Amino acid sequence: MPPTTPRPLLRAPGLDWILMTAVLALVTLGSLLVWSATSHREDLTMGDPTAYLRKQLVNVAIGLVLLVLVMATDHRWVRILAPLVYLCSIAGLALVLTMGVTINGSRSWLQLGGMSIQPSEFAKLAVVIGMGLLVAERAEGRRRTQIGTVEVLGMLAIAGVPASLIMLQPDLGTMLVLSATVFGVLATSGAPRRWLLLLAGGGVTAAVAAVAAGFLKQYQVDRFMAFTNPDLDPRGAGYNVEQARIAVGNGGLFGQGLFHGSQTRSGFVPEQHTDFIFTVAGEELGLIGAGVLIALLAVVIWRALAIAAHTDDPFGRIAAAGIACWFGFQAFQNIGMCLGIMPVTGVPLPFVSYGGSSMFAGMLAIGLLQNIHLRSTASVPTRYVMPVRVLTSR
């Protein structure tokens with residue numbers, strides 16, 4: 001009887017259930033944390049303790065529908081619609097500058113009836129798929145996979161338009177995430193090392209020049225100063241960082257229990273259901289609970305990188321790697337500012353923080369990852385089968 005060929009785990013047919021399980025666990029945990037952070041805030045809930053829980057569940061439901069739609073779309077349509085998605089994101093960012101709503105010093109939201117939309121969240125995904133499409137088109141047209149100067153300049157141009165509009169808002173947090181994502185995409189796409197060094201040096205130079213020229217608003221400069229020394233202004237710019245660290249430290253190993261966090265119930269941490277949601281996990285679920293949350297985010301990033309590594313499609317490889325960079329840096333930035341190791345920039349924790357735009361963009365990205373995975377697992381390439389056959393024949 002001929003030996004059977006084991007099918008590698010990462011190439012199993014069907015959905016990537018590890019990825020789906022991690023995402024569903026994150027949105028479930030996030031909904032509970034949002035509920036805990038808002039249930040006692042009558043100024044937010046208008047006396048209804050479950051108001052924000054219901055809103056977040058609606059966001060999750062809409063996000064899951066978007067995930068399924070993207071996942072079920074034929075990959076050819078995904079590539080055809082990619083330019084339209086990119087143009088729509090540019091249009092949304094332009095509308096923000098003309099008719100947007102200013103919140104916390106940044107004009108980043110569009111008010112559509114009773115819903116606020118943040119176009120910059122969708123711009124992250126638009127840049128990723130735009131860069132992936134450019135690389136794929138040129139690789140297929142020239143029958144080569146190396147990234148040259150023309151491709152690098154094209155990718156930077158794709159990212160530069162939304163980046164410029166985001167800086168005009170100004171939304172420094174999203175700009176940092178977008179910059180890290182673009183750098184990660186270029187690195188994983190095989191761009192020449194000299195370009196990566198040039199971009200890194202140019203980014204540092206641009207940041208210093210922006211501060212020196214007074215381009216950043218004073219509250220943004222104060223946040224960076226508070227990051228270097230939280231005790232510099234404990235009642236002003238350093239207040240958020242100080243209270244966040246106290247909340248996380250209160251949790252200990254096992255936490256104070258869901259809905260029982262002293263800092264959370266006292267409302268000492270601002271924006272705790274959005275930007276500082278990790279402090280609720282740290283205080284109420286402790287080191288173990290916060291560790292589980294970080295582990296789930298790590299699983300999502302791992303699966304995105306695995307999908308990128310196991311697809312032969314240049315578009316899928318660039319898109320999946322870009323999504324991994326996006327989620328990875330944004331999670332690091334959000335958790336880092338709660339722990340005082342990163343400056344406060346106001347970015348949500350993927351799949352955990354309250355908000356529709358972040359949830360929708362994240363779910364669209366997961367749908368795209370599943371779409372790439374389904375296409376790449378339709379057949380198992382020979383190069384993955386041969387090493388297994390050699391081992392089983394000995």
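## Helix α3 and its packing

Which elements do the buried residues of α3 pack against? They pack against α1, α2 (42–45) and α14, where buried means under 20% relative accessible area, exposed over 50% and partly exposed in between (1.4 Å probe, protein chains only). Helices (H or I, at least four residues) and strands (E, at least two) are DSSP runs, numbered from the N terminus.

A word on ground rules: this is a predicted model, where local features need pLDDT of at least 70 and side-chain atom pairs count only at pLDDT 80 or more, while totals for chains, interfaces and linings use all residues. Residues are numbered from 1 along each chain as its sequence is written, and side-chain values use heavy atoms, with hydrogens and water left out.

Back to α3: the helix has 22 residues and reaches 32 Å from its first C-alpha to its last, close to the 32 Å expected at 1.5 Å a residue (the expected span being 1.5 Å times one less than the number of residues). Its buried residues are A51, Y52, L53, Q56, N59, V60, G63, L67, V70 and M71. In general, an α-helix has 3.6 residues a turn, so residues three or four places apart point the same way.

Q56 sits in helix α3 (residues 51–72) and counts as buried at 1% relative accessibility. Setting aside neighbours within four places in sequence, Q56 is in contact with S31, V34, V352, S353, Y354, G355 and M359.

Q118 is in the loop between β3 (115–117) and α5 (119–142), and it is buried too, with a relative accessible area of 11%. Its side chain makes a polar contact with the side chain of D171 at 3.4 Å. For that term, the pair must be N or O atoms within 3.5 Å; within protein, one must be able to donate a hydrogen and the other to accept it, and residues adjacent in sequence count only if both atoms are side-chain atoms. Not counting residues up to four places away in sequence, Q118 touches S108, W109, D171, T174 and S357.

## The nonpolar cores

The largest nonpolar core has 68 residues, and those with the most contacts inside it are L293, I323, L349, F351, I366 and L368. The elements giving two or more residues to this core are α1 (17–38), α3, α4 (75–99), α5, α10 (239–250), α12, α13 and α14. Apart from this core lies another, of 26 residues, among them L93, A163, A191 and I318. A core in this sense is a set of buried Ala, Val, Leu, Ile, Met, Phe, Trp, Tyr and Cys residues joined through side-chain atoms within 4.5 Å.

What does L293 touch, not counting residues up to four places away in sequence? The list is L26, L29, L33, F278, A281, L349 and V352. As a rule, nonpolar side chains tend to be buried together in soluble globular proteins.

## Two positive phi values

Most residues other than glycine have a negative phi. F351 has a positive one, near 70°. F351 lies in the loop between α13 (314–339) and α14 (356–376) and is buried, at 3% relative accessibility.

E271 also has a positive phi, near 50°. This residue is in the loop between α11 (262–266) and α12 (277–309), and is partly exposed, with a relative accessible area of 33%.

## Salt bridges

How many salt bridges does the structure hold? There are six, each being a side-chain nitrogen of Lys or Arg within 4 Å of a carboxyl oxygen of Asp or Glu. One of them pairs R303 with D16, with the closest N and O atoms 2.8 Å apart. This pair links distant parts of the chain, with R303 in helix α12 and D16 in the segment before α1, 287 residues apart. Both R303 and D16 are buried.

R79 bridges to E137, the closest N and O atoms being 3.1 Å apart; R79 is in helix α4 and E137 in helix α5, 58 residues apart. R79 is buried at 15% relative accessible area, whereas E137 is partly exposed at 44%. The side chains of R375 and D313 meet at 2.7 Å, N to O. R375 lies in helix α14 and D313 in the loop between α12 and α13, so the pair ties together parts that are 62 residues apart in sequence. Here R375 is partly exposed, at 24%, and D313 is buried, at 13%. Salt bridges that share partners join R79, E137, D313 and R375 into one network.

Definitions and conventions
Contact = heavy atoms within 4.5 Å.
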